[in-house]
Amino acid sequence: MPPLRLALLGLALFLLPFALLRDHSYITIHDNLDTEISILYLLNKFRVALDYRLSTLMPSIMNGLPRNALRPGLSPTVWLFGVLSPLPAYLAHQALVRLLGLLGMYALLRRCWLPGPGRRGLAAGLALTWATLPTYSIYGLTVLGQPALLLAVLRLRAGRGRWWDWLTVAVFPVWSWFVLVGPFIWGALAALTLYDVRHGRRAAAKRIGACLALLLLLDVVVEWPLFYSLLVARQFVSHRVEHDLTQLAPSGLGAGLRLMANYLVLGQYHASKFFRGTMALAVLAALAWAPGGKWRTARQLAPWLAGLVAVAAFCGFIRQAVAVVQHELPLLHAFNLTRLGFLLPLACFGVLALSLRLLPPARRSVCMALVAAQLLTGLLMNTEWTNNLRELAGHPRPHEPNYARYVAAPLFQSIKDYLARRTGLPPAGYRVACLGLAPAVAQLNDFYTLDSYQNNYPLSYKHRFRPIIAGELAKDADLRAYFDAWGNRCFLVSHELGRDYLVAGTPQRTVQDWAFDARAFRRLGGRFVLSAARLATPIRSGLQPLADFTDSRSYWHIYLYQVADE
């Protein structure tokens with residue numbers, strides 16, 4: 001069987017556990033199921049995905065969150081969630097993104113990094129390794145689509161580009177997330193343009209400049225609400241203006257070096273967290289066995305390795321540097337500069353591919369062993385895949401619930417039915433907040449929540465929400481800094497639970513003393529609290545216990561409280 005077909009078969013086997021498990025699939029929870037998936041669902045539910053009017057609100061979040069605080073609607077990611085329910089949309093999206101990642105990496109390897117008839121198997125294996133990395137597929141082509149973009153840019157720069165190369169450049173900003181990689185790709189293309197101008201390659205510089213112009217245009221079109229807010233007029237003052245890196249960023253040389261080493265050895269989990277040991281072994285193998293001697297090999301690999309170290313050092317220390325000037329340069333609140341690390345996975349694969357290319361044909365078995373080691377490393381560090389294997393084997397991790405147990409639709413339907421009988425109102429007629437579970441769980445079950453996990457929302461709302469939890473923040477300096485200096489998680493908190501938003505139904509957790517301001521909650525429109533932990537003294541918190549709900553199919557045991565009458 002041709003190597004590419006084998007790689008495609010390998011990808012199908014990788015995706016098979018999701019297809020077999022369906023709603024019992026494990027889906028990454030952190031920064032994914034606890035936020036992104038609910039937002040994509042709600043954008044389509046309320047039909048506001050492409051409604052960028054300043055008056056448009058998302059009614060079920062934070063008493064009406066401005067629609068333009070959410071991700072843009074011009075993306076296949078959003079469109080898929082418009083035609084499919086959340087889980088099928090997620091699984092279909094993941095399959096498409098990983099397939100395109102495999103094909104893009106294979107094309108880049110065969111045409112640039114691993115050409116030649118004897119390297120098809122290596123290229124196919126490495127492409128499969130790339131497509132199965134533990135990355136956040138919900139970000140579309142942000143990471144896995146970079147090889148295709150790089151190949152298109154290189155072909156256009158060399159004057160060999162065709163219409164599909166321009167199409168690839170045009171698709172990338174539509175199906176990626178600008179705030180994660182866009183500014184860094186702009187910078188890379190601008191630097192390449194200047195490099196070509198300096199070396200007299202004006203035709204190449206013009207073509208790269210045209211690529212950059214196309215990316216700029218489409219980034220602005222896709223991310224129009226963001227650019228309008230930054231460059232024309234603010235719709236609202238974002239809570240991000242209160243981000244305070246002096247409280248959040250670790251300080252000192254040692255902290256910076258540790259973070260740098262983490263980026264260099266493992267990477268950042270949103271982009272792709274995998275051990276770079278195979279890359280290091282490939283470099284050592286090339287130094288030992290490549291024709292021409294180790295010094296020639298070292299000169300060929302040195303620019304790549306220096307680039308990796310430079311990016312890791314930048315990511316390790318930039319937050320400390322920004323903390324010094326954050327108040328003088330308020331635009332720094334809009335972008336997280338450590339996201340330059342999103343370019344590291346592709347750079348690491350570039351080093352790996354170049355090292356394999358330098359090895360002689362007699363070391364083919366070494367090359368295949370290195371690719372197999374990298375594939376195994378990526379698979380074992382892909383928690384979605386490994387947890388789904390455990391699900392299939394009947395031994396799931398107790399505190400890593402699958403989609404059905406986490407969303408717990410039958411359980412929350414019971415709560416909605418109970419409240420409908422008690423109040424005579426649908427979920428739109430009252431507001432809830434959650435303790436011990438992410439509000440996204442309630443949002444996916446069609447509740448209207450005062451709390452939410454958002455990268456961007458009005459600062460005024462943060463200030464109105466804070467009095468509700470002020471008593472608990474006063475008890476815990478870590479929680480206080482987490483909310484005041486960051487605040488993306490605008491949640492109900494308890495110092496007894498800490499930052500645990502996965503409080504399981506078994507064993508039961510009890511909060512002994514909860515300093516909850518019921519009056520402030522009521523002023524914000526709140527009526528009910530959905531708690532994953534039992535409150536020992538709800539009356540002291542100004543709450544009246546109503547009922548508790550459990551379901552053997554659910555991860556949660558939910559205790560329902562109502563704000564007591566004054």
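**Close-up views around Thr423**

**View 1. The side chain of Thr423 reaches the backbone nitrogen of Leu425 at 3.1 Å.** This is a polar contact, meaning a pair of N or O atoms within 3.5 Å, of which, within protein, one must be able to donate a hydrogen and the other to accept it, while residues adjacent in sequence count only if both atoms are side-chain atoms. A polar atom of the Thr423 side chain also lies 2.6 Å from the backbone oxygen of Leu419. The model is predicted, so local features need pLDDT of at least 70 and side-chain atom pairs count only at pLDDT 80 or more, whereas totals for chains, interfaces and linings use all residues. Residues are numbered from 1 along each chain as its sequence is written, and side-chain values use heavy atoms, with hydrogens and water left out.

**View 2. Thr423 is buried, with a relative accessible area of 19%.** Buried means under 20% relative accessible area (1.4 Å probe, protein chains only). Thr423 belongs to helix 20, residues 409-423, where a helix is a DSSP run of H or I with at least four residues, a strand is a run of E with at least two, and both are numbered from the N terminus. Not counting residues up to four places away in sequence, Thr423 touches Tyr430, Arg527 and Phe528, contact being heavy atoms within 4.5 Å.

**View 3. Strand 7 (residues 526-531) and strand 10 (residues 557-563) run antiparallel and are joined by four bridges.** Two strands pair if DSSP finds at least two bridges between them. Phe528 has Gln562 in strand 10 as its bridge partner. Both strands belong to an open sheet of four strands with mixed pairing, in the order 3-7-10-9.

Conventions:
Buried < 20%, exposed > 50% of the residue type's maximum accessible area, 1.4 Å probe, protein only.
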